[in-house]
Amino acid sequence: SIDQPWKAVSWEEAFEFSAKKIHKIQAQYGRESVGGITSSRCTNEETFLVQKLIRTAFGNNNTDTCARVCHSPTGFGLKTTLGESAGTQTFESIRQADSIVVIGANPTDAHPVFGSLMRRRLREGASLVVVDPRDIDLLKTPHLNEAIHLQLRPGTNVALINALAHVVMTDNLQNDSFIAERCDTAAFDSWKAFISEERNSPEASEEITGVDPVLVRKAAQSYANAGNGAIFYGLGVTEHSQGSTMVMGIANLALATGNLGREGVGVNPLRGQNNVQGSCDMGSFPHELPGYQHVGVQAVRDKFEAAWNVKIDEEPGLRIPNMFDAAISGKFKGMYVQGEDIAQSDPNTHHVEKALKSLDCLIVQDIFLNETAKFAPVSYTHLRAHETKANLV
């Protein structure tokens, strides 16, 4: 019972207990009754092994990661526009940026190491455009050239990005040679016709966004006329009902101005945790094996089945919200959580806690006893430096 106090046991006892619990649950409720959540704070190798554990030992695709609720719009939006779901540049690339556009992010607070690098480049002369309802600290960078703050109304991201793109296209600020060489002609022509419509102009959009059209035009010109323009965006873009559409809008703006494919440019998501990108790359999503290869494709499954010597389920598994719902309904009874504090960080805390209490077994692997571990019969934790123990109720 989770009401009993913790006691330290050997690794072997904890492993055996956990394995037997999982087997017992699956024997009683079926193969799909268990699953796990990988970590976006762990290494690629650790995350890879957890999703592989679920697919090979558990025998299903009930694996997911926190990117589900923070940067899945990045994955979908960039995959749709650019063909790959990763950010396009390294962080060091900002040292070559002439114009920096920050959308829905507060780098100095949320990403202080990179925020300091961004500030350094701004002090060296790069221009700054901030798209955010908040007056973020980056705008107060010492010795910063005049910054443009597009203080839009919450929920109007797409209208604003379309207004910026409208200025680029109607003022002839686009990079024609890049477009001809790197963009699909039919898709671009269709987008150009849409984005050039008067309803997407800064003047028409002001009623929606609340942003002065003069500032919008100035920001578009600053970005498009810079030698190297780089866009950085955060959870203010992705944790939104229009997240995927906004990411595609950002990518379209970068493509239209030719700001891709070299140092100092790009479409650059600022992730919520240190290895969100890696956890996605390693196959943490229920519908994709490592390398974003869909589980529904026979040739993909054949490749992994040959390497892992086990049958791979062809059906996508449960996402994190589905796991919670299934746990409350009594269909999902066992969960393995690696380096993720879902009880504290996931939305609708009462719903999450109800789901965790509904499980027959919750196994938590983390450095510390976090809030989620309070609901776990088994928690693998590092208690002190150089000494590891397993905690078991």
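In what order do the 5 strands of the open sheet stand? In this predicted model, the order is β6-β5-β4-β7-β8, and the pairing is parallel. Because β6 (148–150) and β8 (266–269) have a single partner strand each, they form the edges of the sheet, and one side of each is left without a neighbour there. From one strand to the next, the twist averages 15°. As background, the strands of a sheet pair through backbone hydrogen bonds, in either a parallel or an antiparallel manner.

Helix α6 (residues 112–123) lies across β4, β5 and β7 (229–233), and its direction makes an angle of about 140° with β4. Helix α11 (residues 213–225) lies across β4, β5, β6 and β7, at about 125° to β6.

In soluble globular proteins, nonpolar side chains tend to be buried together. The largest nonpolar core here holds 43 residues, and Ile-103, Leu-150, Leu-164, Tyr-233, Ile-250 and Leu-253 have the most contacts inside it. Helix α7 (residues 157–170) supplies the largest share of this core, with 9 residues. Leaving aside residues up to four places away in sequence, Ile-103 touches several partners, including Val-131, Ile-161, Ile-231, Met-246 and Ile-250. Another core, of 20 residues, lies apart from the largest one; Ile-37, Ala-343, Leu-356 and Ala-373 are among its members.

Notes. Residues are numbered from 1 along each chain as its sequence is written. This is a predicted model: local features need pLDDT of at least 70, side-chain atom pairs count only at pLDDT 80 or more; totals for chains, interfaces and linings use all residues. Side-chain values use heavy atoms; hydrogens and water are left out. Two strands pair if DSSP finds at least two bridges between them. Helices (H or I, at least four residues) and strands (E, at least two) are DSSP runs, numbered from the N terminus. Axes are lines fitted to C-alpha atoms, for helices over the stretch in contact, and angles run from 0 to 180 degrees between N-to-C directions. Contact means heavy atoms within 4.5 Å. A nonpolar core is a set of buried Ala, Val, Leu, Ile, Met, Phe, Trp, Tyr and Cys residues joined through side-chain atoms within 4.5 Å. Buried means under 20% relative accessible area, exposed over 50%, partly exposed in between (1.4 Å probe, protein chains only).
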